[in-house]
Amino acid sequence: MSDPREALEEREERPRRPRLAWALTGSGHDFLACLEIIRRIGELDLFLSKAAAEVIFLYTRERKPFPSGIRLIRDTTASAPPVGRFYDGWYHTLVVAPATSNTVAKFVCGISDTLVTNVFAQAGKCRIPIIVYACDTKPVHDSMAPHRMVRLWPRRIDLENTARLKEFEGVTVVEDTAALAAAVDARLAEVAREG
Ligand SMILES: Cc1cc2nc3c(=O)[nH]c(=O)nc-3n(C[C@H](O)[C@H](O)[C@H](O)COP(=O)(O)O)c2cc1C
């Protein structure tokens, strides 16, 4: 068990300008394509679900898969103290990509019992724009398992949850990595214009 005092310490400095917050879940679907976008952006805070912390290693085999401009926030606590950063203006946007069917189900039910579901709920309550790449958007898709491609048929509940997420105010749901990259770039350009 981690030391709760450690989690409560604010060891990171508040950035001079609001940054992008990105939440990574334990979905292998387009995981490497999402990592590429993250590495290209370079400056962001990356919130990892416990499953994401495992899946990264399965897909990259790298102990340090991110450049130094990317700050990692891991899921080590029950109350998710890092969400306080959303109240304090640290972030202009939240991206959740790729999002597992598990995390999307929790989002649409209003459950906040992990770091990523807390980040989503608090970003929503702070009216921070959110972009979600939900993996279960089509009745059938091919997905990269760590060593081979697999064909998957998302269940009706998974597709229904994605459809419900599209109705959330302030949330843009994208269905592939090209749309994800376009939505993130458009939002970063908007933030840059606003100064
Ligand atoms: C290699 C690997 C790939 C996975 N890919 C997916 C996926 O594409 N979609 C999905 O919904 N779950 C996938 N999972 C299962 C999730 O990691 C699991 O449901 C986990 O509990 C999700 O936790 P999270 O939503 O908090 O990240 C995968 C698991 C492993 C080990």
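Leaving aside residues up to four places away in sequence, which residues does G42 touch? The legends below come back to that after a look at the whole chain, and everything shown is a predicted model.

**View 1. The protein chain as a whole.** Eight helices and eight strands make up the secondary structure of the protein chain. Its C-alpha trace spans about 45 × 35 × 30 Å along the principal axes. For 195 residues, a compact globule would come out with a radius of gyration near 16 Å, and the protein chain agrees, since its value is 16 Å. Buried residues account for 35% of the 195 in the protein chain. Take the contacts between residues at least 6 apart in sequence: 80% of them join residues at least 24 apart.

**View 2. The loop at G42.** Here we're in the loop between α2 (31-41) and β2 (44-48), which is where G42 sits. G42 counts as exposed because it has 11 C-beta neighbours inside 10 Å, and the cut-off for exposed is 12 or fewer. Now for the opening question: G42 touches P67, G69 and I70, with residues up to four places away in sequence left out of the count.

**View 3. Helix α6, mostly tucked away.** Helix α6 covers residues 115-125, and nine of its 11 residues are buried, so the rest of the structure largely encloses it. The buried set starts with L115, V116, T117, N118, V119 and F120, and it also takes in Q122, A123 and G124. What do these buried residues of α6 pack against? On the strand side, their partners are β1 (19-24), β2, β4 (91-99) and β5 (130-134). On the helix side, they are α4 (84-87) and α5. Follow the chain just past α6 and you reach R127, which takes a positive phi of about 55°.

**View 4. The shell around the ligand.** There are 20 residues around the ligand, and those that come nearest are T25, G26, G28, S49 and T100.

Note on methods. Residues are numbered from 1 along each chain as its sequence is written. This is a predicted model: local features need pLDDT of at least 70, side-chain atom pairs count only at pLDDT 80 or more; totals for chains, interfaces and linings use all residues. A residue is near a molecule or strand if its C-beta atom, placed from the backbone, lies within 6 Å of it. Helices (H or I, at least four residues) and strands (E, at least two) are DSSP runs, numbered from the N terminus. The radius of gyration is taken over C-alpha atoms; the globule rule is 2.2 Å times the number of residues to the power 0.38. A residue is buried if 20 or more other C-beta atoms lie within 10 Å of its own, exposed if 12 or fewer, and partly exposed in between; C-beta atoms are placed from the backbone. Two residues are in contact if their C-beta atoms, placed from the backbone, lie within 7 Å.
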